[in-house]
Amino acid sequence: MNESTEVIQELLQSIGLDNDYRTESLTLLEKGRSRYLRDLKLNFTSTLTSAHLTAKECALLALSIAVNNNNNPLTVYFTKYAEQNEATAEEIAEAVGCASLLASNNVFYRFRHFTQKEKYTQIPARIRMQLMMKPVTGKEFFELMSLAVSAVNGCEMCVNAHEDSLIKLATTEERIFDAVRIASLITATGKVIF
């Protein structure tokens with residue numbers, strides 16, 4: 001067994017997948033004996049830790065991103081990881097709901113931003129957002145998940161609005177940065193494990 005295969009097996013075991021699990025992307029990295037595989041494994045492992053977020057918060061953020069990215073293996077993994085870190089069924093459902101709601105908002109607000117037409121800012125959005133009003137994870141953490149999903153979805157207007165809300169809620173920039181770092185690493189992992 002070559003080093004690339006060993007690293008892949010370590011990554012797959014950490015995610016809870018069988019050693020023979022492969023996607024075309026993973027196979028190409030393995031065949032090319034890519035040094036990136038070790039980075040991928042270490043980056044994935046680093047999503048589970050943060051000096052500024054609890055393990056439960058890391059899990060819920062990662063879950064929200066996995067759902068946003070339609071990634072079933074990572075959704076299953078981070079659901080279990082969230083449960084192991086005492087996330088309730090309601091908190092897990094909220095992370096899933098956040099991904100769905102923000103996907104809608106990100107499309108809508110990107111459209112408004114791209115067109116830059118005053119008329120579109122005057123027409124009511126008519127998108128229900130009750131989930132944002134009294135989140136079970138708390139306003140600050142829901143904003144953090146919303147920012148992370150918006151960053152992944154590339155909505156500048158939403159990123160700026162959620163970051164501003166977080167600063168007003170006295171969230172540290174380090175906490176914000178870690179949330180986006182986790183979102184970026186889950187997205188990267190999802191390009192190979194899906």
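Mentor: From the N terminus on, the elements run α-α-α-α-α-α-α-α-α-α-α in this predicted model. That comes to 11 helices and zero strands. The radius of gyration is 18 Å, close to the 16 Å that the globule rule gives for 194 residues, so the protein is as compact as a globular protein of that length. Along the principal axes, the C-alpha trace spans about 60 × 35 × 25 Å.

Now the packing. Buried residues make up 45% of the 194. Take the contacts between residues at least 6 apart in sequence: 73% of these join residues at least 24 apart.

Next, the surface and the charges. The protein exposes about 10,300 Å², and carbon and sulfur atoms supply 54% of that area. There are 20 positive and 23 negative side chains. The centres of the two sets lie 8 Å apart.

The residue to look at is Ser-150. Find it in helix α9, which covers residues 139-153. Is Ser-150 buried or exposed? Its relative accessibility is 0%, so Ser-150 counts as buried, the cut-off being under 20%. Where does its side chain reach? It reaches the backbone oxygen of Ser-146, at 2.8 Å.

Then look at the surroundings.

To put Ser-150 together: it sits in helix α9, has 0% relative accessibility, and its side chain reaches the Ser-146 backbone oxygen.

Conventions: Residues numbered from 1 in each chain as written. Predicted model: local features only at pLDDT ≥ 70, side-chain atom pairs only at ≥ 80, totals over all residues. Heavy atoms only, no water. Helix = DSSP H or I, 4+ residues; strand = E, 2+ residues; numbered from the N terminus. Rg over C-alpha atoms; globule rule 2.2 N^0.38 Å. Buried < 20%, exposed > 50% of the residue type's maximum accessible area, 1.4 Å probe, protein only. Contact = heavy atoms within 4.5 Å. Areas by Shrake-Rupley, 256 points an atom, 1.4 Å probe, with all protein chains shown as cover. Lys, Arg positive; Asp, Glu negative; His and termini not counted. Charge placed at Lys NZ, Arg CZ, Asp CG, Glu CD. Polar contact = N/O pair within 3.5 Å; in protein donor to acceptor, adjacent residues only side chain to side chain.
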